[in-house]
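Please read the report below alongside the sequence and the model.

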Amino acid sequence: MVMSMYTLLRNNQQPTMEDIRETLGGNLCRCTGYRPIIDGFKTFCDTPISCQNGDGNGKCCMENSNSHNNESDISGELFSMDNVLPLDPTQDLIFPPELLIMGKKKAEQLFFQGEKVRWISPADLKDLIKLKAEYPNAPLLVGNTTIGPKMNLKGTVHPLVIYGGSIPELRTIKWGNNGVTVGAGCSLSVLKDVLLRGIEELGTQKSRVYQALVQILQCLAGKQIRNMATIGGNILSANPKYDLSSILAAAECTLHIVSNDGGREICLSEEFFTDFGKTALRPDEILLTIDIPHSRPWEFVSAFRQAQRREFAFSIVNTGMRVVFRHDSNVVENLDIFYGGVGPTLVKARHTCKELMGRKWNEKLLAEGTQLLEDEISVPPTIPGGREEYRKALVLSFFFKFYMQVLLELQQKEVGMNDLPLEYLSALKPFKNEVPQGNHSFQLVPETQSSNDPVGRPNIHQAALQQATGEAVYYDDIPSVKGELFVSMVTSTRAHAKIISIDASLALAMSGVVTFISAKDVPGQNRRLWFSNPEELFAEEEVICVGQIIGAIVAETREQAKRAAEQVTITYQEIQPVFFTIEEAIEHQSFFDPKRKLERGNVEEGFEKADHILEGELYMGGQEHFYMETQGLIAIPKREAGELELYVASQHAAYTQEVVGITLGIDSNKITCHVKRLGGGFGGKVMKIASLSAIAATAAYKTGRAVRCALERGDDMLITSGRSPFLGKYKVGYMNDGTILAADITYYSNGGCTLDESSFIMEKALLHMDNGYKIPNLRGRGLVCKTYLPSYTAFRGFGGPQGLTIIESVLQEVAARCGLPAHQVRDINMYKDDKCYTHHKQLFSPHDMVRCWNECLEKSDYTHRCLSIKQFNAHNHWRKRGISIVPLKFGIGFSKGFYNQGAALINIYKDGSVLISHGGTEMGQGINTKAIQIASRILKVQMSSIHIKETCTGNVPNAAPSAASFGTDAVGMAVKNGCEKLMRRLEPLIKKHPHYTWKQLVVEAYCQKISLSATGFFMGPHTSVDWEKSEGNAYYYFTFGACCSEVEIDCLTGDHKNIRTNIVMDVGRSINPALDVGQVEGGFVQGIGLYTIEELQFSPEGVLLTRGPSQYKIPALCDVPPQLNVHLLRNAENPHAIYSSKGIGEPPVFFGCTLFFAIKEAITAARKERGLTESFPFSSPATAEKIRMACEDCFTRMNPPDRKVKTKPWAINV
């Protein structure tokens, strides 16, 4: 992102916010929620930066009626611009003069030879044509956005590639009287800019084709890809999910082709595409230019697309449509409709177009046209990506949108008798992507607090500057060690099978390959027990999931290891049974032990007293961690005593150390794990990295050389898995006023093939099943399903979001059945007494939770907005809005009490500098920054004098994992303890020499032989649950909050826009409000993904299909609500934790569910208007497909269930 912004500033020193939005649209961030990045980048804009909490129009929050700053001790300033240097273009690196000189020289052929690929750049067009005739099968590339990924990710090999980017004729753009001629090598960014200028000059009537193209180009890929990708590449890739071909074909564009035989012209149509990835061009032919015509009078053109995400995502279906009318009439003279994404190639609705020609553009044409399209466009169930019913619905919905668009324009020309209802008009406006503008507030420290005391103040993350400049070192940035090798995993391709043989002979014969390792090479134990459940490092006799590690290739380079791993042959014998879904596991009664249950009151009696009984279920899909830094490490064997150094990306270095020791058969005191920082963890780097470390250590042990392991994204997603899918089945008894008397909920999670942490995850779900509600009779049962999928593992929230969401779904359904507002039903069931007991009999006070709830209602202007939404929905038939507000009670700490501990080592050096080591892991959350703030307060030294180098098992042994939102609580207390020990030792000197500086005190202490090193330890509370008695203090304390979100959906496509979110969070007395607000925002945006976008797809054979950013979408900038407001609750106390603060890492993820329920409210409004039931099945995530299909209408009903052919699905819900 920094480089994207740098590029923008090099080209535009005064960018607008829209420039920044477009620039960042092609970037992904998993940690921040994007707001801090926007805040930093907008300082380069002309937009006034007076108040971070303003309305985006330069107004200070003090001028707004909804100001949060009514109290004098509330602030919204998270960072100061006082010490920031102004942008100075004179300090920019100059463009390399050598390249400038080369650019002015006469072009000549360039030639590069690699290990496997030859690369040629021809001198001119004549040279290019000659090369293509000589090497017809060599791909011609310019942007390399299609061929490059295929070579890197799919192993496609092209011995020769020809680069055409330096050929002027391929980049030409020429305007003529009838249109524009665009070189096939013209980038999409240049094309967009050229078309925008053309639209301005030509006016509306002549530029309709260009307007449609620009609309598509604005959301096609990201800015960085558009800068490289070309219009010719987009066409010749012949991929129907690439958007340009459908609109270019509808516009009757002409392709100019050249070869040694001369030139020819082809009208772009569906016939040009002969198969997926294939066109009618001969191998020796070159696409030179494309003619795009002006629009003619009485010609109307539109383009539509729908993707998993509005930007930076391939379309599911795209379309280009054009209609020409007889002059001054609504009679169709010509009609072209093209679809991409409904078959292997571009599809034209030829029969439909032919039948509708000569007809009037009216409701009769619409009815006949939709029926004709329904009959003509068939979407095969086997289509890659699946979603065939949704695709079919989009085919009809897009036609309806086109019909309305054209009808509106005809009305403006006063042609035709049909009026377009006003409530239909909003469906014609695409959602606008906006830059998030958020308000945030926190309580200032007391005026009595020393200005040198940093605790409670918003301080910059200690590594922020290094991360922004790229100087921050992650494990794979560490320079190569002499003799270093690389390891690549060999994984199972079967879900359940016996291993008959492993043949690595072909791989071992390849260049650079050193060895192959498997179970027989493990010097210690290949199999270990995890709470009585066996875990294998390498599969020995049997595989139990696709992606299970069987062996590993060790080679001289990363590429050699990867290529060789693909050549290892495994012979299998299939074993039955094999199943993957929760339903199948229930059918086979396949569950891990232990099975858990919690119960309060008498559920059966509650049902008897209830006015109504409701039964239902909610399914929640899993989630991929998608940390920016994939899993990996460097294992370095030492020459002495069998010592081993590991530089590893781990949230639990002590566990990694332990597993490596078991695997190698050596003591932990000879294994040192170093963790500088993680590029994201989210729970995914607690358990899985230990096995990968043991494999790399085994390779290092066998070869005697350093070994580096760095999983590629696809392998990381396949091997390490993510958040468990959940199914909640419930029976609820409730009264007419919405009061819930009894609830019986059974939770099923898909644990995968081994237990991992799934039993703990299920326990956390059960412990959170009450959320903030006092349900007198409540029973929860939890079963972890054993299936033949990769083992699911910890993920931020750790079962909490699933447990919380299912009870929220119960309240949502009860409200619907009672005909009451959902917030009213939530309020009536909420814990409100001064002292309350959870369903597991833990005492707590809900006072601050209720405060959060009430403040959120007020700050979100909830009542007024509900009325506005009701009015909006009454006046918009195809667009609906919904709003949802939920409270939160989230347990902090580990329910396994022995994990609630922390340790630190504090060293003071003679120059006065301080070095802290602690057992926590810095993964972007700011644990090191907070630790330094705490030490600075106690030692009374500047933060700049305190340094934290790394987490190291040699300095702090047996540390607990950095998880459960407990890192700062544990580490902070340990640092405090260690610093207080040192200050007690220094106290006599301070009294004796009150005027000494810190450095003088330290030197004097050294001379007095006073130890300047101390360990700090924190023994946290003993937490536990007696599952037989359904009681126990499971958590250290609870973090509270409330969140309100508003969304708008497009009922015709399923697209939705997150409009506004207000969060009020109780973080106690924040140690660092800037970090805490960032954690709330980042967690919430990750929740956006969990509940609305991120969808893991498995084949019916148990193969993960979504194995990279092309298939798996995390939230982008366009998904963040334009208004994301975060307020930290004032005057909140927490006597249990360091300086009255609270853990905040996990809780905000759950707030993403407000979008899910707001979407459901919007769908309900649409269904109610259509006379449909307000109760309907709806599972998470609320993808565009699910939203569209839930908004049933005449288009979705055109393909009734009895007409569907039963075939094997593309993907299954696991």
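D476 counts as partly exposed, at 31% relative accessibility. Here buried means under 20% relative accessible area, exposed means over 50%, and partly exposed lies in between, with a 1.4 Å probe and protein chains only. D476 forms a salt bridge with R708, and their closest N and O atoms are 2.9 Å apart. D476 lies in the loop between α15 (464–469) and β18 (485–491) and R708 in strand β31 (residues 707–710), so the pair ties together parts that are 232 residues apart in sequence. R708 is buried, at 3% relative accessibility. Helices (H or I, at least four residues) and strands (E, at least two) are DSSP runs, numbered from the N terminus.

This is a predicted model, in which local features need pLDDT of at least 70 and side-chain atom pairs count only at pLDDT 80 or more, while totals for chains, interfaces and linings use all residues. Residues are numbered from 1 along each chain as its sequence is written, and side-chain values use heavy atoms, with hydrogens and water left out.

**Salt bridges**

A salt bridge is a side-chain nitrogen of Lys or Arg within 4 Å of a carboxyl oxygen of Asp or Glu. By this rule the model has 74 salt bridges. Three of them are set out in the table.

| Residue | Partner | Closest N and O atoms |
|---|---|---|
| D476 | R708 | 2.9 Å |
| D521 | K520 | 3.8 Å |
| R1170 | E1169 | 3.9 Å |

D521 is buried, with a relative accessible area of 15%, whereas K520 is exposed, at 68%. E1169 is partly exposed, at 37% relative accessibility. Elsewhere, a network of salt bridges links K401, R865, R879, R881, E1046, E1048 and D1050.

**Annotated binding sites**

The unreviewed UniProt entry carries the annotation "binding site" for Q651, F682, R796 and A964. These four residues span 314 residues in sequence, yet no two of their C-alpha atoms are more than 12.2 Å apart, so they gather at one spot. UniProt positions are given in the numbering used here, feature names are shortened, and annotations may be inferred rather than shown by experiment.

R796 is found in the loop between β34 (777–786) and α24 (800–818). R796 is buried, with a relative accessible area of 8%. Contact means heavy atoms within 4.5 Å.

A964 is found in the loop between β41 (951–952) and α29 (967–992). A964 is also buried, with a relative accessible area of 9%. Leaving out residues up to four places away in sequence, A964 touches I892, G893, F894 and E1146.

The "binding site" annotation in the unreviewed UniProt entry also covers L140, L141, V142, G143, N144, T145, T146, I147, D243, L287 and R305. This group is spread over 166 residues of sequence and is also spread in space, up to 28.0 Å between C-alpha atoms. T145 lies in the loop between β4 (140–141) and α6 (147–153) and is partly exposed, with a relative accessible area of 32%. Beyond four places in sequence, T145 touches I225, M228 and A229. I147 is in helix α6 and is buried, at 18% relative accessibility. The contacts of I147, with residues up to four places away not counted, are P139, L140, L141 and H158.

**Cavities**

On a 1 Å grid over the protein atoms alone, a cavity is a set of points where a 1.4 Å probe fits but cannot get out, and lining residues have an atom within 4 Å of a point. Grid points are joined across faces, edges and corners, and a volume is the space filled by probe spheres set on the points. The count comes to seven cavities of 30 Å³ or more.

**Domains**

Domain bounds come from an automatic or database domain assignment. The chain is divided into domain 1 (1–53 + 73–105), domain 2 (167–414), domain 3 (480–578 + 624–722), domain 4 (836–892 + 1029–1198) and domain 5 (901–1018). The C-alpha centres of domain 1 and domain 5 lie 36 Å apart.

Methods
1 Å grid on protein atoms, 1.4 Å probe; cavity = no way out; pocket = protein on both sides within 12 Å on 5 of 7 lines; lining within 4 Å.
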